[in-house]
Structure formats: C-alpha cells, structure tokens
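Please read it beside the sequence and the structure.

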Amino acid sequence: MGNHRRSRRLLPVALACLLSTGCWDKVEIENRGFIISLGIDKYDSNKKSSRAEEEYNRYTVSAALPSVTDMKESAVSDKSKDVKSADNSTISGCIQLMDAASSQKLYLGQVKLLVLGKGLLSDENLFRQAVDAMERDRDISRKLFLLSTKERAEDILRLNIPGEPMLGLFVENYYKNSGGAGFYGFYKVLEKSISDLRSTGCTLIPEIEAEETDKAEGIRFGGCAVIKDCKLAGWLDDPETRGYAWVMGNCRNSSVTVVYNNMYIPIKVLKSRPRITFSLKNGKLECLIRVNVSGAVKEYDFTAAGLNNPSNLKAYQTAFEQAVSKEIGQTADRVQSEINADIYNFKDLLRKKNYQLFLTYGEDWERHYCEMEIIPQVKVDIISIGTIK
Amino acid sequence: MFSLNNKISIRQMQALLVLDIFGAGIVMLPRKAAKYAGQDAWLAIAAATAAAVLSVYLMTSAGRLYPRDSFVNLVSGLLSKPVGKFVGVLLSAKLLFNCAIELRLFGEILRQTMLPATPFAVVCAAMIAISAYAASKGYETRARIAQILFPLIFVPFTFLFVLGLFDVDLSNLLPVFATKPDKLLTGAIHAGTAFSGLELIMIAAPFAVRPYAVRRGMIQAVVFIGIFMIFITSVTIAKFGPGEVTRQLWPILDMMDLIDLPGAFIERQEALIMSFWIISNFAIVNSGLFFSSVLLKDVTGKGSHSLYILMCMPVVFAGSCFMLDVDQADHIIELVFYTLGIGFMIILPAVLLAAAALRKAGDARGKS
C-alpha cells in the first residue's frame with residue numbers, strides 16, 4: 001500500500017522531469033554555430049554566381065563564427081574564425097542559405113557586432129528592410145554594436161588582426177574598456193539606433209575601416225556615418241564626431257590636444273557634463289549648449305613652470321574652451337546647414353525640457369531645426385597639472 | 001506542525017494574491033499604459049491602483065457580511081439560491097476561461113522566445129498537470145508554495161531592474177503631467193487590466209484564519225503591486241522612451257535583454273524573465289483550477305474539490321488550444337476584464353452590500 005502511494009506521488013514528478021527535457025528543442029552545443037559578427041552589404045551585381053536566382057539578389061550577408069576545428073591553441077587566436085557569406089533577395093534568405101551550407105545550426109543569439117557596408121547605407125529601401133530584419137528577429141540581441149564602413153562589411157569581417165580575438169569579441173571588449181571616450185570610443189547599440197530612426201529618422205553609426213600597413217592588417221575606429229530618413233546623408237570625421245560627443249556627454253577619458261605657444265598640450269577629460277536649454281530670442285529659437293569639462297594635463301615641456309603660473313593656467317583653460325567650442329560649433333554648423341539632420345535628437349529634448357516651445361516649433365521641426373541658432377558655451381577646469389597642483 | 005484545517009494566514013494570502021496578479025499583464029503593462037498616457041504612464045498606473053484599492057475595499061466589505069461563509073453561500077444568502085448558484089457557475093467559467101487564455105498567451109510567448117519546436121499541447125499539458133496537482137492538495141499547500149515562490153520571483157526581478165536604473169535616461173519621463181486628463185484616464189483603464197484576478201479575494205476570504213484582517217492585508221498587497229508596477233513601468237519608459245515602449249509587444253522582456261549583469265556571466269537574461277513568467281503562470285493556472293473547483297463544489301454541494309479539478313482540466317486544455325495570436329488573446333482578456341471582471345470586482349460587491357443594507361443582514365461584527 002505504501003509503495004503504491006509512493007509511486008503515485010512520484011509519477012507526476014517523473015512526468016514533469018520527462019517533459020521538461022526540451023526533447024523537441026534541444027541542440028547539442030557542438031552542433032551550434034555561434035555567429036559572433038554579422039555584416040550586411042548591398043549585393044555586388046558584378047559578382048558572378050552560378051545560381052539561377054542571381055538577378056533577384058539584393059543583399060550579401062556575411063557571418064563570422066569561431067572555427068571549432070582551428071581552436072586548438074587558443075580561443076583568442078585570430079585564425080580561429082570562419083566567415084561565411086551568402087547572397088539573396090532578403091536578409092532571412094541569406095541566413096537560410098548560410099545555414100544550409102553549414103553542418104552546424106547557426107545561432108544569432110550571441111551576435112556582438114553588426115557592420116553595415118556603404119552600399120547598403122546608401123540605399124534607403126535596403127537599409128530599412130535590413131534594420132527591420134534585425135529588429136524582428138528575437139534571437140538577435142538589441143545591445144549588439146552597430147558599425148558602418150566605407151568599404152564592404154564582408155571585407156571588414158574577413159580582416160585578421162594579429163594578437164586580437166575575432167572582430168565581434170574585439171569590438172565588445174574595446175568598447176567596454178574605452179566606450180564613451182570621444183570620437184574613437186563613441187558607440188551605438190542596435191536599440192539606440194532603432195529608437196533614433198523612429199524618433200527623428202536620423203542616427204549616427206560609428207565608422208570602422210581597415211588599415212593595412214606593410215607589416216599587418218589592422219582596424220581603425222573614428223568618424224561616423226550620418227543617416228537621415230534611413231539613408232546615408234554624409235560622413236563625419238574625427239573632430240566632428242567628437243563635436244557631437246561633447247553635446248551627448250560622451251567624452252570622459254577623451255584626450256583633447258590644444259596648440260598654445262607652439263606647444264601641443266593634451267588634456268585628458270575627467271568629467272564632461274553638457275546642459276542644453278532652449279529659448280526664444282528675437283522670435284527665433286535658440287539652443288544653448290553649456291559644457292562643463294574637468295580635465296588633467298597629460299603632457300607638457302618637462303618644466304611645468306608655466307603651469308604653476310595662474311595666469312598661464314587660465315590662458316590654457318581658455319585655449320581649451322575655444323578648441324572645444326570650435327568642435328561643437330563646426331559639427332552643429334555642418335549637420336544643420338549641409339546635412340540637415342537632427343543627429344542630437346533636439347526635437348525630443350525640446351519636448352522634454354520646454355513643452356510649450358515644443359508645441360509651437362515641433363510641428364515643422366526640420367525647418368526650425370535648420371534655422372535654430374546653436375550656441376556652445378564651454379567651461380574648462382584643469383584640476384590637475386601633474387603630481388601636485 | 002501543520003494544522004491542515006484549510007486556513008491560511010494573512011501573509012500567505014497576500015503572497016498568493018500578488019502571485020495571482022503578477023502574470024502576463026505585467027509584461028505588457030508598460031505598453032498599454034504608455035500608449036495613451038505617454039511618459040505619464042506611471043500616473044495612469046497609480047490611478048488604476050487607487051481604483052483597485054477601492055475595489056478591494058468593496059469586496060472585503062461584502063465578504064465581512066458573512067465571513068465564515070463561502071462565496072456561493074454568501075451570494076445565495078443575500079440574493080437567493082438560484083442567483084448564488086448562477087453567479088458561482090459564471091465566476092467559475094470566467095476563471096477557467098482566464099486560465100485558458102493565459103495559458104494560450106504563455107504558450108505563444110514560450111514558443112516565440114525559447115521553445116519554437118516544442119508542441120504547444122506539451123507545454124500546456126505540463127503546466128495544467130503540475131498546477132492541478134498543487135491545487136488538489138488544498139489551500140494551505142498553495143499558500144506554502146506561494147511563500148516559497150514569492151521571494152524567488154521578486155528579489156531577482158527587483159535586483160535586475162535596480163541594475164537597469166544605472167543605464168536609463170530619466171529625462172524620458174519628462175515632461176511630467178503634460179498628458180491630457182482624458183488620455184490619462186484611458187491609460188488608467190487599460191492599465192487596470194493588469195489587476196485582473198482581484199475577484200479571487202471574495203472566494204479566498206473565508207479561508208483566512210482571521211477574516212476581519214483580510215481587508216487591511218489585501219489593500220497592503222494591492223498597494224505593493226501598484227508600487228512595483230509603477231517602478232518597473234517607469235524604469236522601462238526611462239530606458240526606451242514612451243514612443244518606443246508603445247511599439248514593443250513585451251517591453252519588459254526587451255528591457256531584460258538590455259540589462260548588463262555584473263560579471264557578465266549570463267549573456268542573455270531573457271531566460272530569467274521567462275522563469276519568472278513560468279512561475280507566475282503556474283500561480284494563475286493553479287488558482288484558476290483551485291477556485292473553480294471550490295465554486296463548483298459549493299454550487300453542487302457534492303463531492304470533493306479534486307473531482308472538479310479533474311473535470312476542469314480538459315476544459316482549460318481545450319480552451320487553450322484555440323488558435324489565437326498574442327494580439328487576439330490580449331484583446332479577449334481585456335474584453336472579459338471590462339465585462340465580467342469589473343462586474344465581479346465592483347458591481348457584485350456593491351449589489352451585495354446594498355442587499356445587505358436593505359435586508360439589514362450580515363454578521364454583527366461585519367458592520368463595524
């Protein structure tokens with residue numbers, strides 16, 4: 001009787017365990033192909049293909065995976081990757097083709113990096129569909145890093161950087177260590193880009209380029225692509241990107257070099273805090289960008305005599321203030337007059353900070369944005385000149 | 001050590017109520033509230049919480065009229081036996097229907113996020129089996145399970161959202177009080193669906209060891225849930241902005257994806273939120289099966305509640321197999337809430353109180 005009762009009690013437990021083994025969805029880990037980086041390009045019509053569907057191809061999707069067979073020495077070896085690519089009319093079609101050509105089941109849940117080629121960025125329809133495909137796939141994490149390139153994304157993925165892990169892991173570690181540090185540390189995740197595109201139709205995508213020397217391949221971060229209305233509208237170089245980063249408060253640990261008295265003096269930014277306010281002046285919308293910067297002098301001329309003089313220090317601070325103001329002003333001027341893109345998302349900021357003004361100017365925002373006067377006001381405080389101040 | 005008298009403490013009742021309410025509704029709550037109230041969604045949820053507190057007050061006041069009587073006997077005593085039986089059957093049907101729809105939603109989400117190849121029937125049957133087994137053991141067993149599950153769900157959940165606070169833009173909650181009152185009210189009405197399940201208080205009240213303490217305990221529980229909902233909704237809106245939250249089907253799930261756990265030993269946190277959801281779905285199906293069986297037992301006056309659980313299981317399973325997508329299921333839940341839900345939470349208790357006042361009926365202490 002006791003045994004009978006005990007087995008009746010154990011039966012539901014056994015059933016629950018049996019049914020929770022994931023019989024239908026289990027995938028052995030060695031059968032999973034973990035894609036670390038993805039690259040999307042516009043299909044190159046000059047490419048020769050044996051497939052009959054070539055005329056319908058619109059995308060080339062590349063995927064970098066760790067190579068299980070090569071990973072004998074170390075997981076961080078630059079050789080331990082495979083790059084697969086496929087051409088198709090849709091992103092999902094490309095991924096399916098790559099899956100069909102692989103013995104492993106490709107998995108997008110660990111993608112760290114998405115690189116978009118210039119051809120794709122320049123084509124509005126292709127870009128829209130690519131972003132939509134990334135957004136819809138629940139496997140793809142929204143915190144993956146987004147990068148743009150003036151070349152083809154596939155070429156970036158195929159780069160072998162000596163002594164560094166595969167590109168997706170490299171980028172992830174790089175941004176964790178240097179993220180937010182000015183033009184080279186400026187980063188965008190997929191979620192933020194999608195949010196910007198839906199809000200104003202504009203976003204910036206940081207740039208990555210290959211840098212080949214006699215000795216080895218390498219990469220370079222810096223600059224960014226300006227996307228307006230889901231289409232490439234231009235590129236910002238390094239100082240312009242930092243001019244944007246000052247306004248966004250993303251310049252901590254950045255290094256700003258100013259020429260003063262024939263000396264190149266770098267200051268490391270310890271704190272950078274922007275405050276943006278909107279107001280009406282003579283019937284015209286005005287945006288005041290106050291940036292308070294605290295920094296430390298990193299190099300001087302081995303005397304430090306000049307730095308101990310308060311009036312000299314004040315002059316250096318003024319020089320830095322002018323340099324930072326100039327960067328902010330130049331970027332603002334370019335995006336307002338030349339590119340006509342609200343990359344700062346000032347429209348949303350106006351809605352939050354001055355709702356009454358937003359009700360008046362939010363309607364025809366593109367025109368008002370271009371006419372708005374942007375005034376940078378920078379205050380630099382050098383809080384360290386070396387060992388002792 | 002355990003009394004086995006089918007009576008539970010107020011703390012246990014609070015844990016049960018919180019688990020019953022914390023379900024699919026909370027995952028979609030930020031979207032529903034932000035759709036109408038925008039960045040003032042937290043205000044809409046506060047208004048919904050106030051309405052929920054009022055509803056709890058009404059229900060517990062009605063329950064105090066005859067605190068030792070079951071729900072069916074209470075209604076029968078005040079409104080007549082046929083009405084009592086009809087209300088009992090209707091509420092039972094509503095609970096089973098809710099179970100089925102919640103299971104449907106749960107199965108759909110599980111299929112889309114974690115187990116795409118697993119047949120829906122397997123997921124559904126497993127959940128029904130385990131919930132029915134727990135329900136068959138009585139109310140005390142349910143209460144002890146709730147005491148164990150409560151910290152398992154809320155402590156990690158709160159921890160994750162506190163972590164999420166470090167990477168949000170609080171200016172997304174601006175401008176404050178800029179939403180028009182009519183939109184706020186609409187937002188509050190839609191946010192109120194997250195409190196679906198409150199009507200269980202009327203059925204659960206007789207199981208309390210101190211029935212006159214139920215009102216205070218339940219109001220505390222509802223206030224706790226309301227504050228928790230405001231917190232997670234505010235963090236979600238601060239993270240994404242009101243416009244983006246409106247576009248996402250499950251903003252809480254997407255929020256979890258973006259949170260970086262310290263140490264980065266878990267890359268994808270969606271499995272964590274899904275585990276919370278599995279537990280809360282278990283609580284909902286468990287309570288639905290238990291209370292339906294209790295109601296049916298009180299209506300017929302025959303048999304044990306386990307027998308009626310066996311009868312309800314295939315009904316819930318069949319109901320959950322209806323082919324509905326997430327949007328359709330959500331609409332049906334809302335429709336049932338605005339009709340039967342509000343009927344049981346507000347209209348019925350008001351009618352019972354009015355009937356008691358007219359007939360000068362009720363337990364003497366209940367009138368104090």
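Which residues does B:Leu289 touch, not counting residues up to four places away in sequence? They are B:Leu96, B:Cys99, B:Ile128, B:Ser131, B:Ala132, B:Ala135, B:Ile309, B:Cys312, B:Met313 and B:Val316, where contact means heavy atoms within 4.5 Å.

This is a predicted model, in which local features need pLDDT of at least 70 and side-chain atom pairs count only at pLDDT 80 or more, while totals for chains, interfaces and linings use all residues. Residues are numbered from 1 along each chain as its sequence is written, chains are lettered from A and ligands numbered from 1 in the order in which they are written, and side-chain values use heavy atoms, with hydrogens and water left out.

**Cores**

B:Leu289 is also one of the residues with the most contacts inside the largest nonpolar core, together with B:Phe71, B:Phe157, B:Phe195, B:Leu198 and B:Met229. That core has 122 residues, and helix α13(B) gives the most to it, with 15 residues. Apart from it lies another core, of 51 residues, which includes A:Ile265, A:Val269, A:Phe346 and A:Tyr361. A nonpolar core is here a set of buried Ala, Val, Leu, Ile, Met, Phe, Trp, Tyr and Cys residues joined through side-chain atoms within 4.5 Å; buried means under 20% relative accessible area, exposed over 50%, and partly exposed in between, with a 1.4 Å probe and protein chains only.

**Helix pairs in chain B**

Helices (H or I, at least four residues) and strands (E, at least two) are DSSP runs, numbered from the N terminus. Axes are lines fitted to C-alpha atoms, for helices over the stretch in contact, and angles run from 0 to 180 degrees between N-to-C directions.

| Helix pair | Angle | Axis distance |
|---|---|---|
| α13(B) (residues 270-300) and α14(B) (residues 305-320) | about 120° | 8 Å |
| α5(B) (residues 81-113) and α14(B) | about 45° | 8 Å |
| α3(B) (residues 41-63) and α15(B) (residues 326-359) | about 40° | 8 Å |

Angles under 35 degrees count as roughly parallel, over 145 as roughly antiparallel, 65 to 115 as roughly perpendicular and the rest as oblique. α13(B) and α14(B) are therefore oblique to each other. Their contact involves, among others, B:Leu289, B:Phe290 and B:Leu296 of α13(B) and B:Ile309, B:Cys312 and B:Val316 of α14(B), and by class it has nine nonpolar, four polar and one charged residues. For these classes, Ala, Val, Leu, Ile, Met, Phe, Trp, Tyr, Cys and Pro count as nonpolar, Asp, Glu, Lys and Arg as charged, and the others, Gly among them, as polar.

α5(B) and α14(B) pack at an angle of about 45°, which makes α5(B) oblique to α14(B). Among the residues making this contact are B:Leu96, B:Cys99 and B:Arg104 of α5(B) and B:Cys312 and B:Val316 of α14(B); its classes are seven nonpolar, two polar and one charged.

For α3(B) and α15(B), the angle is about 40°, and α3(B) is thus oblique to α15(B). The contact includes B:Leu58 and B:Met59 of α3(B) and B:Phe344 and B:Pro349 of α15(B), and its residues divide into nine nonpolar, two polar and no charged.

**B:Phe150 and chain A**

B:Phe150 lies in helix α7 (residues 139-164) of chain B and counts as partly exposed because its relative accessibility is 24%. Leaving aside neighbours within four places in sequence, B:Phe150 is in contact with B:Ala15, B:Val18, B:Leu19 and B:Phe224.

Chain A has 14 helices and 14 strands, and buried residues make up 50% of its 389 residues.
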